Amino acid sequence: MTRLIVVSNRVTPPTADATGSQGGLAVAIGEALRENGGVWFGWSGQRVPEFTGQVNLQRAGGVTTATVDLEEQDVDEYYNGYANKTLWPLFHYRIDLTEYDRSFDAGYARVNQRFADTLLPIIQPDDIIWVHDYHLIPLARELRARGVTNRIGFFLHIPWPPMRLLATLPRHKELVSGLFDYDLVGFQTHEWLEAFCDYFQREADAEVGDGVMSAFGRTVRIGAFPIGIDAGAFKEAAKSAEALAARERMRESIAGRQMIVGVDRLDYSKGLEERFLGYERFLADNPERCQEVFLLQIAPPTRSEIGSYQEIRNKLDALSGRINGAYAEVDWVPLRYVNRGYPRAVLAGIYRTARLGLVTPLRDGMNLVAKEYVAAQDPADPGVLVLSQFAGAALQMPEALLVNPFSQEEIAEAIAEGLGMRKAERIRRWEALMHNVESCDVRRWRDDFVAALEAARLPVAMRPPA
Ligand code: ADP
Ligand code: F6P
């Protein structure tokens, strides 16, 4: 049987009670690997004075994790630097926040080489290797240079930016041509896949065929593989004793009010500032109703060594204080703003308690919170999902109330519409949403990608030169 090796920047072993700002990738990989087993390789999250290349192997929750520690300079230049000061903002359309620095390029290349060196001894001839996300674009090139001929697939969890934005990145072609060393490159949606094809057609005269693209004398398979959640497990988690206890704990303080919930890593791409302003507009426009409602925003800090993340945190601290200062009463606070992580069952209980889920990223590869909110609802009395039209999930979830997250008015109107929606309409929309969440779940995502990767060996005539 072929063994699956998953490679991602950071390895977060899957545990049922995981708390924290895990991010969609960790949650999805954890869930996907827990079932079939395999190896998950990546950074331990630990920093050491000097890189040793020592691999720490552990078994947790049915999954073997293989982790390496990185040295301080690696974390600065590769993780905080090229990955999260350069690629993340650029791929989320924020060239205003994008930093270009040659030391970042060097650190990014070095860590990808170090990953290749330390992964190499673990690889067996029949393994298939599945590399995740923007941190590791050059990894296949590094592995091929070390003689690896196994099938290697790449999945991008974030958007692919428009060609003219990507062209602002120094040596962009050198970076992204590395994707042609993979056998299969996958995206969350057709929108990002189209942007990818457009870039290579314009910049490299690529030829696009049925699920394949050729450029630089190479051919790679391409496709859209929308990520999902473990819908069944999340549905059950929302009914668990832990979820029930969380609901019970909240009941008293809710005091019959309608709760709106937002759950996001504290990232500028999540549109939290715009969301708070939209909610403030709702409060201003609905003085007679506003005290019957409150917003619970859970936003665990993430990447806090980076200036743009410190700035968004400061802005939200100030904005939440201002909104509460302006609107709170002695017995009511309009905005509960919480900067911490919760176990998944508790989160599920919180989603189920909320009449409205507010998911309004300015740009998002997919967004799993939208799917989790739907999966956690009570089928007999479900809440309403308000979803950004710029999240990948919007393409799969048209029955949500879709909004432009840059418009305070649209957010305010959607809140009012969602809170006032009649039960029959809520059930109709929820059933359609849930159908999608259940049919496009994490198993399908994994199985479709892995099957495509297994089938991805190109006919001999089309293989890249050795
Ligand atoms: P991203 O990958 O950009 O963080 P997603 O919405 O796709 O965005 O995934 C976020 C994941 O992180 C979800 O599974 C969500 O439940 C989890 N998460 C976010 N905030 C918290 C929190 N405070 N506690 C526990 N899990 C969280
Ligand atoms: O899902 C996008 C992503 O960047 C993942 O690659 C990452 O695991 C997650 O968000 C959380 O980010 P970080 O590991 O930087 O906290």
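**Strands, sheets and helix packing**

Tutor: Strand 14 (residues 356–359) and strand 15 (residues 384–388) run parallel and are joined by 4 bridges. This is a predicted model, in which local features need pLDDT of at least 70 and side-chain atom pairs count only at pLDDT 80 or more, while totals for chains, interfaces and linings use all residues. Residues are numbered from 1 along each chain as its sequence is written, and chains are lettered from A and ligands numbered from 1 in the order in which they are written.

Student: What makes strand 14 and strand 15 a pair?
Tutor: Two strands pair if DSSP finds at least two bridges between them, and here there are 4 bridges. Leucine 356 sits opposite valine 384 in strand 15, and valine 359 has leucine 387 as its bridge partner there. The strands themselves are DSSP runs of E, at least two residues long, and helices are runs of H or I of at least four, all numbered from the N terminus.

Student: Why do strand 11 and strand 14 pair?
Tutor: Strand 11 (residues 258–263) and strand 14 share 2 parallel bridges, and at least two is what the definition asks for, so they pair.

Student: Which residues of strand 14 point which way, and are they buried or exposed?
Tutor: Leu356 and Leu358 point one way, Gly357 and Val359 the other, and all are buried.

Student: Why is strand 1 called largely enclosed?
Tutor: A residue is buried if 20 or more other C-beta atoms lie within 10 Å of its own, exposed if 12 or fewer, and partly exposed in between, with C-beta atoms placed from the backbone. In strand 1 (residues 4–10), 5 of the 7 residues are buried, so the strand is largely enclosed by the rest of the structure. Strand 1 pairs in parallel with strand 5 (residues 128–132) over 4 bridges, with leucine 4 opposite isoleucine 128. Strand 1 also runs parallel to strand 2 (residues 39–48), again over 4 bridges, and there valine 6 has tryptophan 40 as its bridge partner.

Student: Why is threonine 2 called partly exposed?
Tutor: Threonine 2 has 15 other C-beta atoms within 10 Å, which falls between the exposed and buried cut-offs, so "partly exposed" it is. Threonine 2 lies in the segment before strand 1.

Student: Why does one side of strand 3 and strand 8 lack a neighbour?
Tutor: Their sheet is an open one of 10 strands with mixed pairing, ordered 3-4-2-1-5-6-7-10-9-8. Strand 3 (56–60) and strand 8 (207–208) are at its edges with a single partner strand each, so one side of each has no neighbour in the sheet. Further in, strand 2 and strand 4 (residues 63–71) pair in parallel over 7 bridges.

Student: Why is helix 9 called oblique to helix 12?
Tutor: Helix 9 (residues 241–254) and helix 12 (residues 344–353) have axes that come within 7 Å and cross at roughly 50°. Axes are lines fitted to C-alpha atoms, for helices over the stretch in contact, and angles run from 0 to 180 degrees between N-to-C directions. Under 35 degrees counts as roughly parallel, over 145 as roughly antiparallel, 65 to 115 as roughly perpendicular and the rest as oblique. The two helices are therefore oblique to each other.

Student: And what makes helix 13 oblique to helix 16?
Tutor: Helix 13 (residues 368–375) and helix 16 (residues 423–439) pack at about 120°, with axes 9 Å apart. That angle makes helix 13 oblique to helix 16. Lys371, Val374 and Ala375 of helix 13 meet Trp430, Leu433, Met434 and Val437 of helix 16, where contact means C-beta atoms, placed from the backbone, within 7 Å.

Student: How do you know that helix 13 is largely enclosed?
Tutor: 8 of its 8 residues are buried, so helix 13 is largely enclosed by the rest of the structure. The buried residues include Lys371 and Glu372.

Notes. Contact = placed C-beta atoms within 7 Å.
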